[in-house]
Amino acid sequence: MTAAGPHDDASRIHDRCRICGSSGMIRYLDMGATPLANSYLTDQQLETPEPVAELALQVCIGCGLSQLTRVVDRDLMFRNYLYVSSTSQTLRNHFAELAATAMRVAAAAPGDAALDIASNDGLLLSCFRSLGMRVVGVDPARNLAAEATARGIPTIAEYWNPAVASQVIERYGRPMTITAQNVLGHVDDVHEFVQAVEIALAPQGIFIVELPYVVDFIERNEFDTAYHEHLSYFGLSPMRRLLGAHDLDAFDVDHFPDIHGGTIRVFACHAGTRRPSARVTAMLRTEEDSFGIAASDVYVAFGERVRQNMAELARLLLTLRQQGKRIWAYGASAKGNTLMNFSGMKAETVPMVVDDNPKKWGLYTPGARMRIVGPGELATAGVDHLLLLAWNFESEIVRRSRAAGYRGSYVRPVPAVAVFD
Ligand SMILES: [Zn+2]
């Protein structure tokens, strides 16, 4: 993308709930005007100001859906996407389990079609393929769609919508399993998205959607998983309302506390084809009603905790720097960019960020403008502290950085600031 100066033309105000249409939305965390989280910069682009958009959260007190106050033009974010899921072992294991579970629950047979929406580089679909299913992916990132197709995972380079659903039916038949892993939260028109699922899904098929869980988001202070791409923050109760509007039912739910800071997996089917499990009712009652999913004070208190958390981090890093310590970060992730920008940290304090994805090496992070380098640089750089920006992969990062010869300590920023060896 091209940078055209510090402006907010790339986004528009979002003031009606995208699920229930209510205008009763309470703003609870304002992180200011920040650059788009995945817009990494080249050396040449350092001279040009970056486009920014307001990053702030609000909750709908009608249905309990948390959502950003702005919507950024999706082509600016998704058409050329650097995040490649294959780089993480944690996700590889999770996807293998997801494919096996989907096939078992759907009672799908080898040869049945499996569709993955926002299929990224095709990692999840390769798991379905090794179980014998015929696979098809849909992803708007043309670079990733082309790579996946070249590796034998046919991928349609489009956003998911009813027209693409018809295309899938024509070429592959109705899928027995449709998966949407970490994508529905990135979609503005969620009704169009779910309607297209309803159109495509085989009569006895299942739709499995996975998302970061809003209750974990609030309880664990995971504000840094908010960035411009991540438009909505779901719980089961707003999800059921959305599915129900398109004749789909949530019949089961699962919770993975360690995936992306807490993920829910919702199983849906055509209305009336399966009986809801006890886990659905249990999660609605014990997790969401008692939590207060549509109660504004829960969110306002979260906003206050987060501001204190960031002030504490800024104090620690400035103190370390005054003591002459060398601080780098690990994980050039969207959440890292949110955290750096909200805490006001810049490359003067944290000049380098290590990342495992070679596609990012040599680029700079938006806003803070840290230079991205590979783990190999850690052996000789004499770094004292590594700030864990991708804290959801903490154990993996500790292992990899130690293997790369790193001997310093780690700073965990969220949910509370902690230094450990
Ligand atoms: Zn609502």
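A salt bridge is a side-chain nitrogen of Lys or Arg within 4 Å of a carboxyl oxygen of Asp or Glu. With that in mind, look for Arg12, Arg18 and Asp188, which salt bridges join into a network. The model you are viewing is predicted, and it holds 16 salt bridges.

Let us visit some individual pairs. Glu50 and Arg369 form a salt bridge whose closest N and O atoms are 3.0 Å apart. This pair ties together distant parts of the chain, 319 residues apart: Glu50 sits in the loop between strand S2 and strand S3, while Arg369 belongs to the loop between strand S15 and strand S16. Arg369 has 23% relative accessibility, so it counts as partly exposed.

Next, find helix H9, which spans residues 278–291 and contains Arg279. Arg279 forms a salt bridge with Asp252, again with a closest N and O distance of 3.0 Å. Asp252 lies in strand S12, residues 248–256, and the two partners are 27 residues apart. Here Arg279 is partly exposed, at 40% relative accessibility, whereas Asp252 is buried, at 14%.

Finally, turn to Arg412 and Glu394, whose side chains meet in a salt bridge at 2.8 Å, N to O. Arg412 has a relative accessible area of 26%, so it counts as partly exposed.

Methods
Residues are numbered from 1 along each chain as its sequence is written. This is a predicted model: local features need pLDDT of at least 70, side-chain atom pairs count only at pLDDT 80 or more; totals for chains, interfaces and linings use all residues. Side-chain values use heavy atoms; hydrogens and water are left out. Helices (H or I, at least four residues) and strands (E, at least two) are DSSP runs, numbered from the N terminus. Buried means under 20% relative accessible area, exposed over 50%, partly exposed in between (1.4 Å probe, protein chains only).
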